[in-house]
Amino acid sequence: MQPTQAIHAENLVKVFNGKIRAVDDVSFDVRPGEIFGFLGPNGAGKTTTVSMLSAGLRPTQGRAVVDGLEVGKEPEAVKRRIGVIFQESTADGDLTGRENIQVAAGCYGMPRAEGRKRADELVERMQIADAADRLAKTYSGGMRRRLELAVGLVHDPKILFLDEPTLGLDPQGRNGFWGFIQQLRKEEGLTVFVTTHYLDEADTMCDRLAIIDHGKIVATGSPNELKDRLGGDIVTIKTTAGAPDVTNVLSTLIGVHTVQKQDGSYRVKCANGEPFVPLAVEACDKAGAGVTGVTVKRPSLDEVFLEFTGREFRDEDAPTATDRAVMVQRVQNRFGGRR
Amino acid sequence: MLRELASLTRREFLKLGRNPQAIFTALLLPLLYLLLFGQGFNINPTEFGDFTAAQKVAILAAYFRGAPNYYSYFAAGMVGFVAVTATLFIGANVIFDKLFGIFKRVRGTPAPSAAVFGSRLIAGSAQPIALAFFVLGLALLFKHIPGLTGLEVTASVGVLGALEILAAILLLSVMFATLFLTFGILIENPQMYFAAVNLLNLPVLLTSDALYPWGAMPHWLQNVSQYNPVSLAVNVLRETLFGSSVYPYGPGIYLLGLFAWAAVLIGIALVLVRRALRPLD
Ligand SMILES: Nc1ncnc2c1ncn2[C@@H]1O[C@H](COP(=O)(O)OP(=O)(O)O)[C@@H](O)[C@H]1O
Ligand SMILES: [Mg+2]
């Protein structure tokens, strides 16, 4: 591997109980300072991958290198360089926010005074200072997530692992949380590995993505690259009623991949939508078909997912926007005979 | 290692302080036993007839191994009893911390597993030790409350005796704390944990001589109870508080037996815990 990679995953495999292939030969690289998204539906193997990268779970096969350290050989050293925000809440409800951070600081061997100082900084930074001396169990979902982030950052890690960090947050909470992440990346050059099953988050927040399904990576690239692989944009052109058919006319224009006619409008897949529009309008006019409306759409990650997996992105079991959902899931995970 | 241990231990005590109900419940059990159970069963068989002084000594020796009445005998037994009952929940705490993700957070840090285990052991042993002294203090106090029988110390307890009592309480508490902590670390759900604990708890307590009058126990139970770690600790207390003339061995031997139990059980527990808490698994 090149030493320039923040995270290097090489043929990672995790088999549970000898038969469940939760992660199936996964390889990828994360560059320093980037926000790398791991997008996949529930059960795709995201959490399992994070656990293997963050020295929580030993891979059945393959290896992981984090910040130049072999995870399997130096798990403790890796733990000192990474921060992990687990999918489920891990804050101690019987302790205040500040105490939660201080205990975490102690777990990294920081002296008490330093832990106190760090806690003061972090509650300020994560905007939970007003609630810092309240028991964590009284926190709202968004505050809890910010506390988790503060705890994960206590030792000033270089690489942050976030496992579905916005699960169960309302849109406002999600935006707020991402604000912190973007800021951290900008100010501290943090590398962020984030899993999500929210397509919009993956699209707007991540520099690069890997799409994982059934334990396998089906595509990797920046959101735009991935969309480009679908062959570019989708331009929909509406013509006046009774106009002649312009399918052939449109097909011959430069950059066009396919043209589909759907009752009175044309769905054109082309490399680059915007410059195509004036050309298309002119061509239609020449052919005697007046254009009444045009839309240009970049394909969404939905379509990317469909393209690479052959099915719709399943999101039926997305949790509701309540903390309780997270809680219930956690309890089910535990009682469901895992491990 | 020490900072991690200190930080995690502090957390345990913070949590304890946040949970006054638990403290109240922990105090309530010995209080009820001392106030009701012990008083209810309190007999002094020498009062049932006209015995000579020598006969009285013989009767008390046979029944209560030299204690002046059942209550005094029982109060010493309660110290052993609480060492077991007060350590139960420390394993349960691990399970609940696992359910709430708290344990996972700690395991995600480089804090050594010895600190994770040690912090809980310290907090978990401190409570039965404190409770043991609560029991002794309360039983002594009852002597001064009209209508109640109290713990009557009939031997002279020197510094050595006090140290022996302390050692017995310490060994028994640490041993059971380790045992239940290990259960908590190995077991994943509360139902299983409490099932396991009850399976251990009741037989251990009921094969000890903590509660039964010695003279009322059948021979086979007397024999079994001699090897029971709770009995061993309780014997140290009783010998020190009421004199050792009826005991086949001195308190030092019982302490040694208790130490052997603790060494073996803690040894096994540490092997299991090390395996369960090793990094990357
Ligand atoms: N400890 C475990 N034991 C058995 N199966 C597991 C365990 N953890 C995860 N799995 C299974 O592995 C698959 C991937 O799980 P996970 O990594 O949690 O997915 P995701 O985080 O993408 O939702 C699922 O089928 C899940 O049931
Ligand atoms: Mg997951």
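Residues are numbered from 1 along each chain as its sequence is written, and chains are lettered from A and ligands numbered from 1 in the order in which they are written. Because the model is predicted, local features need pLDDT of at least 70 and side-chain atom pairs count only at pLDDT 80 or more, while totals for chains, interfaces and linings use all residues; side-chain values use heavy atoms, with hydrogens and water left out.

**Chain A**

The secondary structure of chain A consists of twelve helices and 14 strands. Helices (H or I, at least four residues) and strands (E, at least two) are DSSP runs, numbered from the N terminus. Taken along the principal axes, the C-alpha atoms of chain A fill a box of roughly 80 × 45 × 40 Å. Chain A has 339 residues, of which 52% count as buried. Buried means under 20% relative accessible area, exposed means over 50%, and partly exposed is in between (1.4 Å probe, protein chains only).

A:Phe16 is part of strand E1 (residues 7–16) of chain A. Its relative accessibility is 29%, so A:Phe16 counts as partly exposed. A:Phe16 and A:Phe86 are 70 residues apart along the chain, and their C-alpha atoms are separated by 20 Å.

**The surroundings of ligand 1**

Ligand 1 is surrounded by 14 residues, and the closest are A:Gly43, A:Gly45, A:Lys46, A:Thr47 and A:Thr48. A residue is near a molecule if one of its heavy atoms lies within 4 Å of it. The shell divides into five nonpolar, six polar and three charged residues. Here Ala, Val, Leu, Ile, Met, Phe, Trp, Tyr, Cys and Pro count as nonpolar, Asp, Glu, Lys and Arg as charged, and the others, Gly among them, as polar. In chain A, strand E2 (20–30) and helix H1 (46–53) each supply at least two residues of this shell. Helix H1 of chain A gives the most, with three residues.

Oxygen atoms of ligand 1 also make polar contacts, that is, pairs of N or O atoms within 3.5 Å. One such distance is 2.7 Å, to a polar backbone atom of A:Gly43. Another is 3.1 Å, to a polar backbone atom of A:Ala44. An N or O atom in the side chain of A:Thr48 is 2.5 Å from an oxygen atom of ligand 1. On its own, ligand 1 has 550 Å² of accessible area, and the protein covers 78% of that. Accessible areas come from the Shrake-Rupley method with a 1.4 Å probe.

**Salt bridges**

Side chains of opposite charge can pair when their charged atoms come close. A salt bridge is a side-chain nitrogen of Lys or Arg within 4 Å of a carboxyl oxygen of Asp or Glu. Over all chains, the structure holds 36 salt bridges. The table lists some of them.

| Residue | Partner | Closest N and O atoms |
|---|---|---|
| A:Arg63 | A:Glu70 | 2.7 Å |
| B:Lys15 | A:Asp92 | 2.8 Å |
| B:Glu12 | B:Arg120 | 3.9 Å |

A:Arg63 is partly exposed, with a relative accessible area of 27%. B:Lys15 lies in helix H1 (residues 2–17) of chain B and A:Asp92 in the loop between strand E6 (82–85) and helix H3 (97–107) of chain A, so this pair joins two chains. Both B:Lys15 and A:Asp92 are buried.

B:Glu12 is in helix H1 of chain B and B:Arg120 in helix H7 of chain B, so their pair ties together parts that are 108 residues apart in sequence. B:Glu12 is buried at 11% relative accessible area, and B:Arg120 counts as buried at 7%. Salt bridges that share partners join A:Asp92, A:Asp94, A:Lys137, B:Arg11, B:Glu12, B:Lys15, B:Asp97 and B:Arg120 into one network.

One member of this network, B:Asp97, lies in helix H5 (residues 88–99) of chain B. B:Asp97 is buried, with a relative accessible area of 5%.

B:Gln127 is found in helix H7 (residues 113–142) of chain B and is buried, at 16% relative accessible area. The side chain of B:Gln127 reaches the backbone oxygen of B:Ala123 at 2.8 Å.

On the surface, B:Phe24, B:Leu28, B:Leu32, B:Leu35 and B:Leu36 form a nonpolar patch with about 440 Å² of accessible area together. Patches are made of residues with over 30% relative accessible area and no salt bridge; like charges are joined within 9 Å, and nonpolar side chains (Val, Leu, Ile, Met, Phe, Trp, Tyr) within 5 Å. B:Leu36 belongs to helix H2 (residues 20–40) of chain B. With a relative accessible area of 53%, B:Leu36 is exposed.

Key
A polar contact is a pair of N or O atoms within 3.5 Å; within protein, one must be able to donate a hydrogen and the other to accept it, and residues adjacent in sequence count only if both atoms are side-chain atoms.
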